[in-house]
Each structure stands twice: as C-alpha cells, then as structure tokens.
Amino acid sequence: MKKPKWVVQKEQEKKAQERETVWLFGLHAVRDALLNPARQKLRLVVTLNAQAKLAEAISESGITPDVVDPRTFSAPLDPGSVHQGAALEVKPLEWGSLEQVCIGPAAPRVVMLDRVTDPHNVGAILRSAEVLGASAVIGTRHHSAPETGALAKTASGALERQPYLRVRNLADAITELQRMGYVVLGLDGAADQTIEAALEGKRERPVALVLGAEGPGLRAKTKETVDALVRIDARSGFGSLNVSNAAAIALYASKPPA
C-alpha cells in the first residue's frame, strides 16, 4: 500500500533533520558550545592561537581539535565570517516540546517570532531573552532563522542556554499557549493600548510576546489569534524600532512583579 504524501514528507523531513549539522564560529560561541554537555560536537577546527585561548573548554569537552594554519583555515564557513580562528561542527540542539520549555517559574514569559528571518536579529533576541529571564524564544520551521553560525555568534553564547524552538505553525502554538494560561500579546505599532495597559491586573499570568518581521509586521492570522494587539509606549512621531530592540523593551515592560 502506497504511503500518503504527508507521511512521506514527514519521513523525509525527519531524515533531513538527522543529517543536519551546523558550523559555529567565533571564540565565544565555540567556547560555550564546547562547555555545553547537551551539545553533540563533531569536529573542531582551530588555529594555534585560538587553541590556546580555548584550552580549558577543549580539555573539558574531550574533543581532539584539528589545528590549522590561519592562512589555510579549512572550516566550510561563508566568506567574511569573523571566525577568530575557531569553528565547531555540531548537531542542532533539541529543546523538547512547547509545553516542556514554557511551563517554568511563576509568571514565565516567552518571545514568539512571526517570519523573523535575519539570524543577527534572532541572535540578539536570544541574548536579550536570556538576560531578561524569558523561558523560550519560539519561531517557525519555515520562514524563520535556523540555527546558524551567524546566529550563534550574535547570541554570544545564549544559544547554548536559551531555548530556541521552531514550531510547524505559529497560530497553533499561540492557541496551545493560551490553553496553558498565557496572555498572548502581538506587538503592532498601530495598536491602541500599550503593553503595560494590556497587562493591568494580569501581571501574575504567564505572557507571550509575538513580534513580526520589520516591514510586514504580524501576519493577519497571527493578529486574529493573539489575545490583544499592543504597542511599546513611545514618543509621538518616533520611528519604529529594530525587532531585536523591540523584543528587549517588551520583555522589560512585561516583567512580573518583584
């Protein structure tokens, strides 16, 4: 009996994920990945200088590095990547299900990304999410930045500690969080109410903040699914914020009571 098309597609996606590897680069990103016991490490390429700087992390990881001449650095990185003499091939991290990472301390917060594809923006958001105590950053499997070396370098180590999930359907994930008791707020510069106003009397609830790509913003389906559209309280006539800056401000504005 012939398998349904959706079953074949799912099996192909699973096999592709099993084959997928990522090259991380830069001293901070490589060091934190080496020290992360959850990270499956495959190959480390370093210059003699980088090896000295990463000596403790290399020793703790147990990996044997390939030491190369800086003039013939052999890792398959994009031209122009500022690798600082260190590159590490790894398997993508497995963070588990939405429920596993979004049920945490009192009044957890998560950031959801609607078609945010720039790895530098996502890396910066992961860094802010870690600093400001978010439980997770959630994107989509398609139309969002995958785990890459550029993303990891911008995150400056946060990728190893801050859960970054990529779900099949953002609207379904929003609905699931709502069932878990989350207040889901979509950021929209034209919204009538601020983040603070929308959370009046709800600070004890878990909060999800949904941010769209710069330019198009949130999709219509996303706007229909969230509990409310909100804006960052800014001076009249002030230009729009970069999405990573908006995420940091929104996390701070939505912080639970001390």
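This is a predicted model: local features need pLDDT of at least 70, side-chain atom pairs count only at pLDDT 80 or more; totals for chains, interfaces and linings use all residues.
Which residues of α6 are buried? They are Asn121, Val122, Gly123, Ile125, Leu126, Ser128 and Ala129. Residues three or four places apart in an α-helix point the same way, because there are 3.6 residues a turn.

The helix covers residues 119-131. Its 13 residues should span 18 Å at 1.5 Å a residue, and the end C-alpha atoms are 18 Å apart, so the two agree. At the start of α6, a side-chain oxygen of aspartate 118 comes to within 2.8 Å of the backbone nitrogen of histidine 120. After the helix comes glycine 133, with a positive phi near 80°.

Leu126 also belongs to the largest nonpolar core, which has 50 residues. Leu126, Leu185 and Leu211 have the most contacts inside that core. Helix α11 gives the most to this core, six residues. Another core, of 19 residues, lies apart from it; Val101, Val167, Tyr182 and Val210 are among its members. Beyond its neighbours within four places in sequence, leucine 126 contacts Val137, Leu151, Ala155, Ala158, Leu159, Gln162, Pro163 and Tyr164.

Threonine 225 sits in helix α10, residues 220-225. Is threonine 225 buried or exposed? Its relative accessibility is 14%, so threonine 225 counts as buried, the cut-off being under 20%. The side chain of threonine 225 reaches the backbone oxygen of lysine 221 at 2.7 Å. Not counting residues up to four places away in sequence, threonine 225 touches Ala171, Ile174, Thr175 and Gln178.

Methods. Residues are numbered from 1 along each chain as its sequence is written. Side-chain values use heavy atoms; hydrogens and water are left out. Helices (H or I, at least four residues) and strands (E, at least two) are DSSP runs, numbered from the N terminus. The expected span of a helix is 1.5 Å times one less than its number of residues. Buried means under 20% relative accessible area, exposed over 50%, partly exposed in between (1.4 Å probe, protein chains only). A polar contact is a pair of N or O atoms within 3.5 Å; within protein, one must be able to donate a hydrogen and the other to accept it, and residues adjacent in sequence count only if both atoms are side-chain atoms. Contact means heavy atoms within 4.5 Å. A nonpolar core is a set of buried Ala, Val, Leu, Ile, Met, Phe, Trp, Tyr and Cys residues joined through side-chain atoms within 4.5 Å.
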